[in-house]
Amino acid sequence: MIFGLPVISVAIWLPIIFGILVLATGDDKNAPLARILALVGSILGFLVTIPLYTGFAHDTSQMQFVELHNWIARFNIHYHLGVDGISVLFILLTSFFTPIVVLAGWQVIEKRVAQYMAAFLIMSGVMIGVFAALDAILFYVFWEAMLIPMFLIIGIWGGQNRVYAAVKFFLYTLLGSLLMLVALIYLYNQSGGSFSILDFHHVALPMSAQVLIFIAFFFAFAVKVPMFPVHTWLPDAHVEAPTGGSVILAAIMLKVGAYGFLRFSLPIVPDASHKLAGMMIALSLIAVVYIGLVALIQSDMKKLVAYSSISHMGFVTLGIFIFNAYGMEGALLQMISHGFVSGALFLCVGVLYDRMHSRNIADYGGVANRMPVFAAFFMLFAMANSGLPGTSGFVGEFTVILGAMKANFWYAFAAATTLVFGAAYTLWMYKRVIFGAVANPHVAELTDMNLREKTIFTILAITVLGMGLYPLPFSEIMHASVNDLLVHVAHSKLP
Amino acid sequence: MNLITNLMPAGAEIFLLVMVSVILIADLLIKQSGRLVTYMLVQLTLLGCSLLTVGTHENGVIHAFNNMYVDDLMSDVLKLLTYLAMSMVLVYSRQYLTVRGLFSGEFMALALFAMLGMMVMISANHFLTLYLGLELLSLSLYAMVALQRDSAVATEAAMKYFILGALASGLLLYGMSMLYGATGSLELGAVANAIQSGTADKNLLVFGLVFVVSGLAFKLGVVPFHMWVPDVYHGAPTAMTMLIGSAPKLAAFAFVARILVEGLQPLVQHWSGMLIILAIASMALGNITAIAQTNLKRMLAYSTIAHMGFMLLGLLSGGIEGYGAAMFYTVIYVLMSLGAFGMIMLLSREGFEADTINDFKGLNQRSPWLAFLMLLLMFSMAGVPPTVGFYAKFSVLNAVVQTGHIWLAVVAVLFSLIGAFYYLRIVKLMYFDTPESHTPIAVGSDAVLLLSINSLGVLLLGLLPGALMSVCAVAVQQSLLLH
């Protein structure tokens with residue numbers, strides 16, 4: 001409680017209320033008002049989450065800022081919110097990116113502005129809800145509610161093939177969610193009538209049940225991460241989504257899946273997690289290596305960044321399933337860093353796309369001649385994406401590789417190839433787009449970034465460099481929770 | 001027992017019968033231009049019925065007319081919801097019927113007679129009373145479908161409905177006669193006791209049960225007895241479709257629950273197996289066939305089949321969880337289907353039926369508010385939170401998992417996933433496509449207001465579903481499980 005207000009509830013509902021207000025501004029005649037209201041709402045939304053960081057006690061793995069109220073008494077469902085070292089950073093990441101996507105869509109979005117801005121604000125609140133929910137049904141409600149605005153964002157403001165991508169996105173994720181729902185209901189019945197996630201952590205389950213539950217969770221979370229082989233919706237969704245949609249998708253939504261593994265799969269079914277860790281590691285490494293190679297041959301910038309996201313998320317799942325502190329903290333750091341870096345890269349592609357209306361690498365060349373400031377920023381984020389020391393990308397990848405090395409040399413070896421492939425696909429794309437002579441008359445007409453874009457990129461650049469040079473503020477907050485989770489996972493829950 | 005106390009449990013029904021007669025006669029004296037007077041009279045009648053139902057409510061289970069009639073919490077709750085649904089049907093369809101020249105005294109009288117039938121079904125405690133209510137409802141509906149007598153499709157639909165409905169009634173009666181032969185009684189409680197005592201001929205009982213379940217399946221419209229549903233939904237004027245697709249489902253739930261749970265509980269292992277097959281077949285065929293539909297009314301018909309299959313999952317799970325979930329599911333389904341058909345009527349105008357899915361193209365550009373309301377309804381039908389459709393599915397799944405049939409829950413969610421596709425397609429048409437026509441949407445403000453309340457209700461109940469869930473659970477507990 002800060003000033004007597006429940007911080008998490010405010011963080012969830014403030015953006016949603018602003019979203020409804022923005023919707024109420026009506027049609028595009030009032031677009032300027034809608035934009036300003038959205039910006040105010042998103043900045044306020046970010047400010048109210050800051051107490052979660054400043055007031056966070058580092059020395060405990062207990063849930064903090066807990067809110068607990070009865071919701072549906074008949075099924076013992078509660079409005080139960082709280083954060084620990086694992087979830088708190090994602091809430092900040094979410095609220096941090098909302099003003100950025102509002103700014104990113106400031107001029108580009110011309111039709112149905114109010115609906116666009118409102119969708120992002122509402123989604124911001126809902127995603128914070130996903131990270132803060134401690135009741136399984138509350139979690140599920142937020143989890144599913146997240147789909148509706150994203151579906152509309154891709155489908156209304158997306159590119160050529162947006163309808164296909166939107167429907168694919170929705171059905172893929174719904175399949176996973178529905179199986180998870182059955183698993184949650186099963187756990188409810190096994191736990192003696194509680195939907196509290198923390199109670200689920202202590203339910204003894206036989207191995208057969210654990211494996212089935214793990215598979216149900218796997219479908220829900222792996223689709224969101226996305227892990228190989230259920231990743232195919234992501235390139236479609238990313239390519240067709242508007243810039244803001246891609247940013248939120250890459251920066252936040254992918255993290256929801258990995259967060260699910262940490263909050264649900266590992267602590268609820270630890271024995272099955274250990275048993276199936278081999279499969280998870282194999283899938284992660286396939287994602288890292290194979291998807292990295294796939295990224296190399298992409299001719300579409302957004303697709304390239306999308307595949308790069310899948311490859312980087314492979315690191316995250318690898319870190320989670322090697323079950324040591326380096327791996328898990330590395331995974332968390334990698335998630336945060338990937339949020340910043342991939343978000344920034346999608347914004348870079350967005351800057352070019354707004355001017356040229358093309359995502360094809362072949363349509364560019366020599367952009368540095370016309371947009372030097374942009375080229376500098378793009379360089380920084382490209383380097384971060386390839387894991388250059390001094391940027392945030394390095395911290396996470398390096399820690400995961402350290403952890404993998406402790407588990408098995410070959411895991412680390414395979415994972416480390418990403419440093420080569422990642423650099424190859426990112427920098428090769430950068431070279432083809434930015435360097436060289438001015439390729440065609442369209443490029444010659446490009447104008448450099450305006451103040452709005454410079455502001456966004458400066459903030460992101462500071463964050464990426466800051467996290468790369470001094471990661472302690474990010475890592476110290478998660479120590480207690482990660483250690484506690486590892487201890488918990490080490491204990492068998494077989495009856 | 002003196003006459004008055006005996007009549008009290010049926011007070012609302014008696015009042016309704018008197019009022020229908022009055023309305024029938026009064027309507028003769030009213031010119032077409034003054035039809036609104038009849039309409040107001042009907043709405044007042046519904047209000048009167050609600051007051052009487054609430055007023056005559058007593059705790060516990062009251063039997064009347066030599067145990068042929070029962071007044072309990074479940075019947076009162078379902079009756080109140082039936083009045084509400086009927087009242088909504090009338091508000092939604094007033095303008096639609098007026099421009100088509102169908103807004104007549106006959107329509108309203110038939111609607112009230114149909115409602116009387118539903119009330120008798122809801123409160124029946126005897127095979128004969130059940131049958132009486134069912135036939136009163138069905139005959140009124142046949143006539144209503146045929147009311148638009150210059151329309152070939154409507155007449156065809158009425159004919160199909162009548163023939164198949166009569167066949168189903170025949171099956172049901174045949175099954176009832178066998179049960180009577182085996183148990184020597186037509187009263188539900190006595191039938192249950194006779195079966196329990198073990199004196200009845202088991203073969204005859206199960207044989208009768210098959211016919212009864214088939215008859216019920218016909219009336220519910222579940223596979224393989226679903227053939228009439230798409231044609232009737234499609235062919236009937238939308239107002240009649242709405243009536244058929246809404247309130248009677250509540251009565252059908254009561255009907256099925258009374259026969260199977262109260263009367264044939266000792267045969268539960270036999271009928272729950274049958275219901276599993278019916279439920280899976282309905283969810284499969286309903287959801288898959290709905291994908292191929294281009295007519296929204298037909299699509300909703302197949303969606304009804306799938307929803308009724310899902311509802312059966314609750315019934316066959318048994319216990320307070322199962323029956324409560326089935327009742328909750330039915331109530332929520334009625335609420336959603338009222339909204340969906342209300343939307344079709346709202347977008348229709350003179351000489352134009354907005355009943356193909358392409359009529360919804362670009363609705364977001366023509367009217368963002370209506371598109372948003374439809375979005376809520378569609379996501380609710382698909383079972384996506386935070387709409388109440390999710391809790392309907394959730395409570396049924398919970399009941400299924402509790403009985404240990406986890407595979408059944410998995411099958412159910414997989415078919416829901418398929419179902420989500422065609423609801424999503426409507427959202428896609430409304431939001432992603434450009435409109436085919438730019439005709440302004442001219443609608444009565446009362447209908448828009450009601451639709452807004454209806455759809456926002458779907459959202460609001462989704463945020464706070466607890467109260468309604470508890471009401472359903474308590475109702476089935478007091479009515480079905482205490483004896």
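I started with the interface: chain B and chain A bury about 3300 Å² between them, and 80% of that lies on carbon and sulfur atoms. A reminder to myself that this is a predicted model.

Next I asked which residues of chain B lose the most area to chain A. They are B:Phe394, B:Leu417 and B:Phe432, and together they account for 20% of what that side buries. I also looked up the residue counts, and found 40 residues of chain B in contact with 34 residues of chain A.

Then I turned to the core. The largest nonpolar core has 393 residues, and A:Phe97, A:Phe381 and B:Phe394 have the most contacts inside it. Helix α15 of chain B, residues 319-347, gives the most to this core, with 20 residues.

I stopped at A:Phe97 to list its neighbours. Leaving out residues up to four places away in sequence, A:Phe97 touches A:Val247, A:Ile248, A:Ala251, A:Ile252, A:Gly339, A:Phe340, A:Gly343 and A:Leu460.

Last, a helix pair in chain A. Helix α15 (residues 325-356) and helix α17 (residues 372-385) of chain A pack at an angle of about 145°, and their axes are 9 Å apart. I noted the crossing of α15(A) past α17(A) as left-handed. From α15(A), the contact includes A:Val341, A:Leu345 and A:Cys348, while α17(A) brings in A:Phe374, A:Phe378 and A:Phe381, among others. Sorting this contact by class, I get 11 nonpolar residues, 1 polar and no charged ones.

Terms used: Residues numbered from 1 in each chain as written. Chains lettered and ligands numbered in written order. Predicted model: local features only at pLDDT ≥ 70, side-chain atom pairs only at ≥ 80, totals over all residues. Heavy atoms only, no water. Core = buried A, V, L, I, M, F, W, Y, C linked by side-chain atoms within 4.5 Å. Buried < 20%, exposed > 50% of the residue type's maximum accessible area, 1.4 Å probe, protein only. Helix = DSSP H or I, 4+ residues; strand = E, 2+ residues; numbered from the N terminus. Contact = heavy atoms within 4.5 Å. Axes fitted to C-alpha atoms, helices over the stretch in contact; angles between N-to-C directions. Left-handed = near helix turned anticlockwise from the far one by under 90°. Nonpolar A, V, L, I, M, F, W, Y, C, P; charged D, E, K, R; others polar. Buried area = accessible area lost by both parts, 1.4 Å probe.
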